[in-house]
Amino acid sequence: MPQDFMSQFYLDGKTALITGAAGYFGRRFVQGLLDARAAKVVIIEKEGVGPDFRYQLDQIYGSRIAWYENNLADDDETDATYGRILQEHDCPDVLVNNAFIFGSETGFTLGRREVIAGTTHEEFRQCFEAGLWWAFQAMQKLGPVMRARGSGSIVNIASSLAVIAPSKHTYEGYAHAVNPIMYGPTKSGLLGLTRRMADLLAPVRVNALCPGAIPNLAEGRHKAGKEYEDNFLNDLTKRMVLGRCGEADELVAPLVFLASEASSYITGHPLMVDGGWTVTSQEVR
Ligand SMILES: NC(=O)c1ccc[n+]([C@@H]2O[C@H](COP(=O)([O-])OP(=O)(O)OC[C@H]3O[C@@H](n4cnc5c(N)ncnc54)[C@H](O)[C@@H]3O)[C@@H](O)[C@H]2O)c1
């Protein structure tokens, strides 16, 4: 047992890389990594996304932040960016594969009712690419370098829908986007990839963080309307042992735990942070 037990949670001297860092969870993850004393946080974000966040980070943290604008959907550009990151910074100690596309490209189509018939091959492909290939490409480029160095922690952001299917009853009576068919399989695939890479990259640890229903209310209400969001979420929470949806801030400590030496003997693990959504087989209230 280390003398200062809590020191295991700190990332002193470490470099952490995170994709999709200016998104809903990403911003909180970046703040958490910085609060956990990471020496540097390397950010990958799509061009033009999050200028306010970038400015704010630059003002407060200066050279502790390195921001790379990069379109993860472009393989060549992404390969080159990972190459630059390896040259310009030390090999990352922590890699967080967080980016994803929530949009009609991946089947998150407002108002869609025909979830089976309506799904296209192109949506399926884009969902798999964003949810699986982007994470694999990062691990393919950076994982072997971390492994050669002999340490590191990779955290893949999956979902509770990697282990359960969303019930069709959840969406009955709501004229809103049904969770697309391929989202769950994509995140299940990410758990499979996490296990495989945990074996191949050891002693680098590879784990998954599985958030439950953590709605982005500002965006949801903008897209679907306040009434929709409130009623829908009210119904959804009937399935959660803790009886409520989660707050994005509640993901940060679990992320830091997986990223840090506090989880030094944990690898290949899917950590559910879902208020018990995946614990029972039916409505709990
Ligand atoms: N929000 C939830 O309730 C929820 C629940 C479970 C799991 N998740 C997972 O958590 C992760 C983050 O979700 P979020 O809610 O913060 O989503 P978000 O849409 O707010 O963030 C995703 C980020 O990825 C970036 N991105 C998208 N396309 C990109 C590209 N081509 N190149 C580079 N960056 C790109 C976006 O710009 C955005 O900043 C995702 O993997 C998601 O599947 C979310």
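Because the model is predicted, local features are reported only at pLDDT of at least 70 and side-chain atom pairs count only at pLDDT 80 or more, while totals for chains, interfaces and linings use all residues. Residues are numbered from 1 along each chain as its sequence is written.

**Confidence**

- The mean pLDDT of the protein is 93, and 96% of its residues reach 70 or more, where pLDDT is the predictor's confidence in each residue, from 0 to 100.
- Where pLDDT is low, the predicted coordinates should not be read in detail.

**Helix 4**

- Helix 4 covers residues 121-149, and its 29 residues should span 42 Å at 1.5 Å a residue, which agrees with the 40 Å between its end C-alpha atoms; the expected span is 1.5 Å times one less than the number of residues.
- A bend of about 40 degrees occurs at L142, with a proline, P144, following within four residues; the bend is the angle between axes fitted to the seven residues ending at a position and the seven starting there.
- The buried residues of helix 4 include E123, Q126, W134, A138, L142 and M146, a residue being buried if 20 or more other C-beta atoms, placed from the backbone, lie within 10 Å of its own, exposed if 12 or fewer, and partly exposed in between.
- These buried residues pack against strand 1 (15-19), helix 3 (75-88), strand 4 (94-97), strand 5 and helix 5 (183-201).
- A138, which lies in helix 4, counts as buried because it has 24 C-beta neighbours inside 10 Å.
- Leaving aside neighbours within four places in sequence, A138 is in contact with T19, Y82, L95 and N97, contact meaning that two C-beta atoms, placed from the backbone, lie within 7 Å.
- A138 and V96 are 42 residues apart in sequence, and their C-alpha atoms are 9.3 Å apart in space.
- Just after helix 4, G150 takes a positive phi of about 100 degrees.

**Residues in and after helix 1**

- R28 lies in helix 1 and counts as partly exposed, with 17 C-beta neighbours inside 10 Å.
- Apart from neighbours within four places in sequence, R28 is in contact with A248, D249, L251 and V252.
- The C-alpha atoms of R28 and A248 are separated by 7.3 Å, although the two residues are 220 residues apart along the chain.
- R37 is found in the loop between helix 1 and strand 2 (40-45), and R37 has a positive phi of about 75 degrees although it is not a glycine.
- R37 is partly exposed, with 16 other C-beta atoms within 10 Å.

**Other positions**

- C210 lies in strand 6 (residues 205-211) and counts as buried, with 25 C-beta neighbours inside 10 Å.
- Not counting residues up to four places away in sequence, the residues that C210 touches include A158, S160, P270, M272 and D274.
- The peptide bond from A202 to P203 is cis, with omega near 15 degrees, and P203 is placed in the loop between helix 5 and strand 6.
- E77, found in helix 3, counts as exposed with 12 C-beta neighbours inside 10 Å, and its contacts, leaving aside neighbours within four places in sequence, are N70 and N71.

Terms used
Helices (H or I, at least four residues) and strands (E, at least two) are DSSP runs, numbered from the N terminus.
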